Amino acid sequence: MHTCVCIEQTPDSSSVYIDPITGQVDYERFIQILNPADACAVEAAVRLKEQLGGSILAITLGPQDAEGALRAALAIGADTALRLWNPLASNWGPFTVAASLGPCIQREAPEVDLVLCGDTSGDWSSGIVGPALAEKLHLPQITGVMQLNVVREERQDTAKLQVIRRLERGYRELLEALPPLLITVTSDLNEPRYPSLPAHLASLQATIPVIDPLPLIGNANEAEADETTLLEIHTPRPRPRRIAAPDSHHSAFERIGEIIVGGVTGRKTSLVEGSPEELARTLVEFLRKRDFL
(Lines give C-alpha, C1' and ligand atoms only; values in the text may rest on other atoms or scores of the structure.)
Protein backbone atom coordinates (compact mmCIF):
# COMPACT_ATOMS: atom_id res chain seq x y z
CA MET A 1 0.00 0.00 0.00
CA HIS A 2 1.48 3.31 -1.11
CA THR A 3 0.63 6.00 1.43
CA CYS A 4 1.04 9.76 1.39
CA VAL A 5 0.93 11.58 4.73
CA CYS A 6 0.31 15.32 4.78
CA ILE A 7 1.92 16.85 7.85
CA GLU A 8 2.44 20.31 9.32
CA GLN A 9 4.83 21.89 11.76
CA THR A 10 2.90 23.69 14.47
CA PRO A 11 3.84 25.49 17.68
CA ASP A 12 3.79 23.56 20.92
CA SER A 13 0.67 24.61 22.81
CA SER A 14 2.66 25.07 26.02
CA SER A 15 4.91 27.66 24.33
CA VAL A 16 2.12 29.90 23.00
CA TYR A 17 1.96 33.24 24.80
CA ILE A 18 -0.45 36.13 24.14
CA ASP A 19 0.38 39.55 25.54
CA PRO A 20 -2.55 40.48 27.81
CA ILE A 21 -2.09 44.20 27.04
CA THR A 22 -1.66 44.23 23.26
CA GLY A 23 -3.49 40.96 22.57
CA GLN A 24 -0.74 39.95 20.13
CA VAL A 25 0.89 36.53 19.94
CA ASP A 26 4.57 36.43 20.85
CA TYR A 27 5.90 34.36 17.96
CA GLU A 28 9.47 34.41 19.28
CA ARG A 29 8.50 32.09 22.12
CA PHE A 30 7.16 29.38 19.81
CA ILE A 31 8.67 25.90 19.99
CA GLN A 32 7.88 24.21 16.68
CA ILE A 33 6.96 20.51 16.72
CA LEU A 34 5.27 17.98 14.46
CA ASN A 35 1.52 18.41 14.77
CA PRO A 36 0.30 15.68 17.20
CA ALA A 37 -2.52 14.47 14.93
CA ASP A 38 -0.11 14.33 11.98
CA ALA A 39 2.35 12.30 14.05
CA CYS A 40 -0.44 9.77 14.67
CA ALA A 41 -1.10 9.72 10.91
CA VAL A 42 2.57 8.90 10.23
CA GLU A 43 2.47 6.15 12.86
CA ALA A 44 -0.67 4.70 11.26
CA ALA A 45 1.03 4.71 7.85
CA VAL A 46 4.06 2.90 9.27
CA ARG A 47 1.86 0.23 10.86
CA LEU A 48 0.03 -0.29 7.57
CA LYS A 49 3.37 -0.61 5.80
CA GLU A 50 4.50 -3.24 8.30
CA GLN A 51 1.36 -5.28 7.57
CA LEU A 52 0.91 -4.72 3.84
CA GLY A 53 4.23 -3.41 2.56
CA GLY A 54 4.54 -0.44 0.25
CA SER A 55 6.03 3.03 0.69
CA ILE A 56 5.32 6.22 2.65
CA LEU A 57 5.72 9.78 1.37
CA ALA A 58 5.60 12.62 3.89
CA ILE A 59 4.76 16.01 2.40
CA THR A 60 4.38 19.47 3.92
CA LEU A 61 3.99 23.10 2.89
CA GLY A 62 6.29 25.40 4.82
CA PRO A 63 9.58 27.31 4.97
CA GLN A 64 12.97 25.75 5.57
CA ASP A 65 12.45 25.29 9.31
CA ALA A 66 9.44 23.07 8.48
CA GLU A 67 11.95 20.38 7.52
CA GLY A 68 12.05 19.55 11.21
CA ALA A 69 8.58 18.05 10.94
CA LEU A 70 9.57 16.09 7.83
CA ARG A 71 12.68 14.72 9.52
CA ALA A 72 10.55 13.70 12.50
CA ALA A 73 8.30 11.79 10.10
CA LEU A 74 11.34 10.15 8.49
CA ALA A 75 12.57 9.11 11.93
CA ILE A 76 9.22 7.50 12.71
CA GLY A 77 9.29 5.45 9.51
CA ALA A 78 8.46 7.45 6.39
CA ASP A 79 10.51 6.50 3.32
CA THR A 80 10.71 9.84 1.51
CA ALA A 81 9.86 13.46 2.25
CA LEU A 82 8.90 16.45 0.13
CA ARG A 83 8.62 20.12 1.04
CA LEU A 84 6.54 22.66 -0.85
CA TRP A 85 7.21 26.36 -0.50
CA ASN A 86 6.70 29.71 -2.10
CA PRO A 87 7.21 33.12 -0.44
CA LEU A 88 3.52 33.88 -1.03
CA ALA A 89 2.44 30.72 0.81
CA SER A 90 2.72 32.42 4.20
CA ASN A 91 -0.61 34.13 3.48
CA TRP A 92 -2.40 31.13 2.00
CA GLY A 93 -5.53 29.76 3.60
CA PRO A 94 -6.54 26.09 3.95
CA PHE A 95 -8.20 25.91 0.52
CA THR A 96 -5.09 27.21 -1.24
CA VAL A 97 -2.93 24.81 0.78
CA ALA A 98 -5.11 21.91 -0.38
CA ALA A 99 -4.97 23.19 -3.96
CA SER A 100 -1.16 23.15 -3.80
CA LEU A 101 -0.91 19.71 -2.18
CA GLY A 102 -3.24 18.02 -4.67
CA PRO A 103 -1.22 18.48 -7.90
CA CYS A 104 2.06 17.70 -6.12
CA ILE A 105 0.69 14.42 -4.79
CA GLN A 106 -0.63 13.49 -8.21
CA ARG A 107 2.77 14.20 -9.75
CA GLU A 108 5.04 12.71 -7.09
CA ALA A 109 2.85 9.74 -6.06
CA PRO A 110 0.51 8.92 -8.97
CA GLU A 111 -0.15 5.40 -7.63
CA VAL A 112 -1.03 6.46 -4.09
CA ASP A 113 -3.56 4.19 -2.38
CA LEU A 114 -4.12 6.09 0.84
CA VAL A 115 -3.76 9.73 1.87
CA LEU A 116 -3.57 10.39 5.60
CA CYS A 117 -3.97 13.78 7.28
CA GLY A 118 -4.44 15.02 10.81
CA ASP A 119 -8.02 16.11 11.42
CA THR A 120 -6.96 19.42 12.96
CA SER A 121 -3.74 21.34 13.46
CA GLY A 122 -2.37 22.80 16.64
CA ASP A 123 -2.36 26.39 15.38
CA TRP A 124 -5.66 27.32 13.67
CA SER A 125 -7.45 23.97 13.96
CA SER A 126 -9.65 24.62 10.92
CA GLY A 127 -10.01 20.99 9.83
CA ILE A 128 -10.47 22.11 6.21
CA VAL A 129 -7.29 20.94 4.47
CA GLY A 130 -8.13 17.22 4.57
CA PRO A 131 -11.65 17.40 3.08
CA ALA A 132 -10.58 20.05 0.55
CA LEU A 133 -7.64 17.87 -0.52
CA ALA A 134 -9.98 14.90 -1.01
CA GLU A 135 -12.03 17.02 -3.39
CA LYS A 136 -8.91 18.07 -5.32
CA LEU A 137 -7.76 14.45 -5.65
CA HIS A 138 -11.29 13.16 -6.41
CA LEU A 139 -11.05 10.65 -3.56
CA PRO A 140 -13.68 9.44 -1.09
CA GLN A 141 -12.93 10.59 2.43
CA ILE A 142 -13.47 9.53 6.03
CA THR A 143 -12.91 12.16 8.70
CA GLY A 144 -12.39 12.05 12.44
CA VAL A 145 -10.99 8.50 12.53
CA MET A 146 -9.99 7.35 16.00
CA GLN A 147 -9.35 3.67 15.23
CA LEU A 148 -7.92 2.07 12.08
CA ASN A 149 -7.60 -1.65 11.34
CA VAL A 150 -6.87 -3.80 8.29
CA VAL A 151 -9.35 -6.49 7.24
CA ARG A 152 -7.84 -8.95 4.79
CA GLU A 153 -10.05 -10.43 2.09
CA GLU A 154 -9.51 -14.19 1.86
CA ARG A 155 -10.72 -14.65 -1.72
CA GLN A 156 -9.32 -11.39 -3.07
CA ASP A 157 -5.82 -9.99 -3.10
CA THR A 158 -6.97 -6.75 -1.52
CA ALA A 159 -7.02 -5.23 1.95
CA LYS A 160 -10.07 -3.50 3.38
CA LEU A 161 -9.75 -0.77 5.98
CA GLN A 162 -12.08 -0.80 8.96
CA VAL A 163 -12.33 2.50 10.81
CA ILE A 164 -14.22 3.96 13.74
CA ARG A 165 -15.22 7.62 13.46
CA ARG A 166 -15.89 10.00 16.30
CA LEU A 167 -19.27 11.69 16.02
CA GLU A 168 -20.99 14.35 18.04
CA ARG A 169 -22.40 13.69 21.53
CA GLY A 170 -20.06 10.74 22.06
CA TYR A 171 -21.44 8.58 19.25
CA ARG A 172 -19.20 6.31 17.16
CA GLU A 173 -19.53 5.11 13.57
CA LEU A 174 -18.03 1.90 12.17
CA LEU A 175 -17.11 1.97 8.47
CA GLU A 176 -15.30 -0.25 6.00
CA ALA A 177 -13.65 1.11 2.86
CA LEU A 178 -11.41 0.02 0.04
CA PRO A 179 -8.47 2.13 -1.17
CA PRO A 180 -7.90 4.55 -2.73
CA LEU A 181 -9.30 7.06 -0.24
CA LEU A 182 -8.36 9.90 2.10
CA ILE A 183 -8.59 9.60 5.88
CA THR A 184 -8.19 12.29 8.52
CA VAL A 185 -7.21 10.94 11.94
CA THR A 186 -7.44 12.30 15.47
CA SER A 187 -4.66 12.44 18.03
CA ASP A 188 -6.39 9.56 19.89
CA LEU A 189 -5.69 7.11 17.07
CA ASN A 190 -2.45 5.72 18.48
CA GLU A 191 0.72 6.52 20.36
CA PRO A 192 3.55 7.41 17.95
CA ARG A 193 6.63 5.31 18.49
CA TYR A 194 9.82 6.76 19.91
CA PRO A 195 12.37 6.69 17.07
CA SER A 196 15.67 4.94 17.60
CA LEU A 197 19.00 6.75 17.50
CA PRO A 198 20.00 5.33 14.07
CA ALA A 199 16.64 6.44 12.68
CA HIS A 200 17.21 9.94 14.06
CA LEU A 201 20.68 10.15 12.55
CA ALA A 202 19.44 8.87 9.19
CA SER A 203 16.64 11.46 9.15
CA LEU A 204 19.11 14.26 9.85
CA GLN A 205 21.27 13.20 6.89
CA ALA A 206 18.36 12.73 4.48
CA THR A 207 18.04 15.06 1.50
CA ILE A 208 14.61 16.71 1.26
CA PRO A 209 13.70 18.16 -2.17
CA VAL A 210 11.79 21.43 -2.42
CA ILE A 211 9.10 22.21 -5.01
CA ASP A 212 7.41 25.50 -5.81
CA PRO A 213 3.67 24.67 -5.91
CA LEU A 214 2.55 28.02 -7.35
CA PRO A 215 3.04 27.06 -11.04
CA LEU A 216 0.87 23.97 -10.43
CA ILE A 217 -2.14 25.83 -9.02
CA GLY A 218 -2.07 28.93 -11.24
CA ASN A 219 -3.99 31.74 -9.57
CA ALA A 220 -3.86 31.21 -5.82
CA ASN A 221 -6.59 33.78 -5.17
CA GLU A 222 -9.17 31.70 -7.00
CA ALA A 223 -8.61 28.67 -4.74
CA GLU A 224 -9.28 30.57 -1.51
CA ALA A 225 -12.77 31.27 -0.18
CA ASP A 226 -13.37 34.17 2.20
CA GLU A 227 -15.46 32.12 4.61
CA THR A 228 -13.37 32.59 7.75
CA THR A 229 -12.95 35.91 9.54
CA LEU A 230 -10.62 36.28 12.51
CA LEU A 231 -12.34 38.46 15.09
CA GLU A 232 -10.21 38.19 18.21
CA ILE A 233 -7.28 36.35 19.80
CA HIS A 234 -7.20 36.03 23.56
CA THR A 235 -5.92 33.71 26.24
CA PRO A 236 -8.36 31.12 27.60
CA ARG A 237 -10.50 32.44 30.39
CA PRO A 238 -9.68 30.89 33.78
CA ARG A 239 -12.11 28.36 35.10
CA PRO A 240 -14.39 29.70 37.83
CA ARG A 241 -13.35 28.63 41.28
CA ARG A 242 -16.04 26.77 43.14
CA ILE A 243 -16.49 27.67 46.78
CA ALA A 244 -18.24 24.95 48.73
CA ALA A 245 -21.09 26.17 50.94
CA PRO A 246 -21.02 24.41 54.35
CA ASP A 247 -24.08 22.72 55.74
CA SER A 248 -25.82 25.13 58.15
CA HIS A 249 -27.00 22.23 60.31
CA HIS A 250 -23.42 21.35 61.28
CA SER A 251 -21.49 22.86 64.12
CA ALA A 252 -19.04 25.75 63.61
CA PHE A 253 -16.09 23.38 63.82
CA GLU A 254 -17.58 21.09 61.17
CA ARG A 255 -18.44 24.02 58.88
CA ILE A 256 -14.88 25.34 59.10
CA GLY A 257 -13.61 21.88 58.19
CA GLU A 258 -15.90 21.74 55.16
CA ILE A 259 -14.64 25.11 53.92
CA ILE A 260 -11.00 24.03 54.31
CA VAL A 261 -11.40 20.80 52.36
CA GLY A 262 -13.60 22.48 49.74
CA GLY A 263 -16.62 20.34 50.43
CA VAL A 264 -14.81 17.12 49.55
CA THR A 265 -15.90 14.22 51.70
CA GLY A 266 -13.18 11.83 52.72
CA ARG A 267 -13.46 8.19 51.82
CA LYS A 268 -14.59 5.79 54.54
CA THR A 269 -13.19 2.30 54.47
CA SER A 270 -13.61 -0.72 56.64
CA LEU A 271 -11.76 -4.01 56.88
CA VAL A 272 -13.86 -7.17 56.90
CA GLU A 273 -12.42 -10.50 57.94
CA GLY A 274 -13.90 -13.98 57.96
CA SER A 275 -14.65 -16.98 55.79
CA PRO A 276 -15.61 -16.61 52.10
CA GLU A 277 -19.28 -17.12 53.01
CA GLU A 278 -19.14 -14.36 55.64
CA LEU A 279 -17.35 -11.98 53.25
CA ALA A 280 -19.94 -12.63 50.54
CA ARG A 281 -22.78 -12.09 53.03
CA THR A 282 -21.24 -8.80 54.17
CA LEU A 283 -20.79 -7.62 50.59
CA VAL A 284 -24.40 -8.44 49.67
CA GLU A 285 -25.67 -6.60 52.74
CA PHE A 286 -23.50 -3.58 51.85
CA LEU A 287 -24.92 -3.46 48.32
CA ARG A 288 -28.51 -3.84 49.58
CA LYS A 289 -28.17 -0.92 52.01
CA ARG A 290 -27.15 1.32 49.09
CA ASP A 291 -29.92 0.06 46.79
CA PHE A 292 -27.55 -1.69 44.36
CA LEU A 293 -29.48 -4.92 44.73
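Leu 201 sits in helix α5, which covers residues 197-205. This is a predicted model. Together with Leu 197 and Leu 204, Leu 201 makes a nonpolar surface patch of about 320 Å².

An α-helix has 3.6 residues a turn, so residues three or four places apart point the same way. Leu 197, Leu 201 and Leu 204 can be viewed with that rule in mind.

Arg 71 belongs to helix α2, residues 67-76. Is Arg 71 buried or exposed? Arg 71 counts as buried because its relative accessibility is 18%, and the limit for buried is under 20%.

Leaving out residues up to four places away in sequence, Arg 71 touches Ser 203, Leu 204, Gln 205, Ala 206 and Ile 208.

## Helix α4

Helix α4 runs from residue 129 to residue 137. Its buried residues are Gly 130, Ala 132, Leu 133, Ala 134 and Leu 137. Which elements do the buried residues of α4 pack against? They pack against the strands β1 (2-6), β6 (114-118), β7 (141-152) and β10 (181-185), and against helix α3 (94-108).

After α4 comes His 138, a residue with a positive phi near 60°.

## Backbone exceptions

Most residues other than glycine have a negative phi, and most peptide bonds are trans. His 138 is not a glycine, yet its phi is positive, at about 60°. His 138 is placed in the loop between α4 and β7. With a relative accessibility of 71%, His 138 counts as exposed.

Arg 169 is another residue that is not a glycine but has a positive phi of about 60°. Arg 169 is in the loop between β8 (159-166) and β9. Its relative accessible area is 81%, so Arg 169 is exposed.

The peptide bond from Pro 179 to Pro 180 is cis, and its omega is near 5°. Where is Pro 180 found? Pro 180 is in the loop between β9 (172-177) and β10.

## Val 145 in strand β7

Strand β7, one of the elements packed against by the buried residues of α4, contains Val 145. Val 145 is buried because its relative accessible area is 0%.

Which residues is Val 145 in contact with, leaving aside its neighbours within four places in sequence? The contacts are Val 163, Ile 164, Arg 165, Ile 183, Thr 184, Val 185, Thr 186 and Leu 189. Asp 188 is 43 residues from Val 145 along the chain, and the C-alpha atoms of the two are separated by 8.7 Å.

## The whole chain

The chain has nine helices and 11 strands. Of its 293 residues, 34% count as buried. The chain exposes about 19100 Å², and carbon and sulfur atoms supply 52% of that area.

How much of the contacts in the chain with a separation of 6 or more comes from residues 24 or more positions apart? Such residues account for 68% of these contacts.

Technical notes
Residues are numbered from 1 along each chain as its sequence is written. This is a predicted model: local features need pLDDT of at least 70, side-chain atom pairs count only at pLDDT 80 or more; totals for chains, interfaces and linings use all residues. Side-chain values use heavy atoms; hydrogens and water are left out. Buried means under 20% relative accessible area, exposed over 50%, partly exposed in between (1.4 Å probe, protein chains only). Helices (H or I, at least four residues) and strands (E, at least two) are DSSP runs, numbered from the N terminus. Contact means heavy atoms within 4.5 Å. Patches are made of residues with over 30% relative accessible area and no salt bridge: like charges are joined within 9 Å, nonpolar side chains (Val, Leu, Ile, Met, Phe, Trp, Tyr) within 5 Å. Accessible areas come from the Shrake-Rupley method with a 1.4 Å probe; for residues, only the protein chains shown count as cover. A salt bridge is a side-chain nitrogen of Lys or Arg within 4 Å of a carboxyl oxygen of Asp or Glu.
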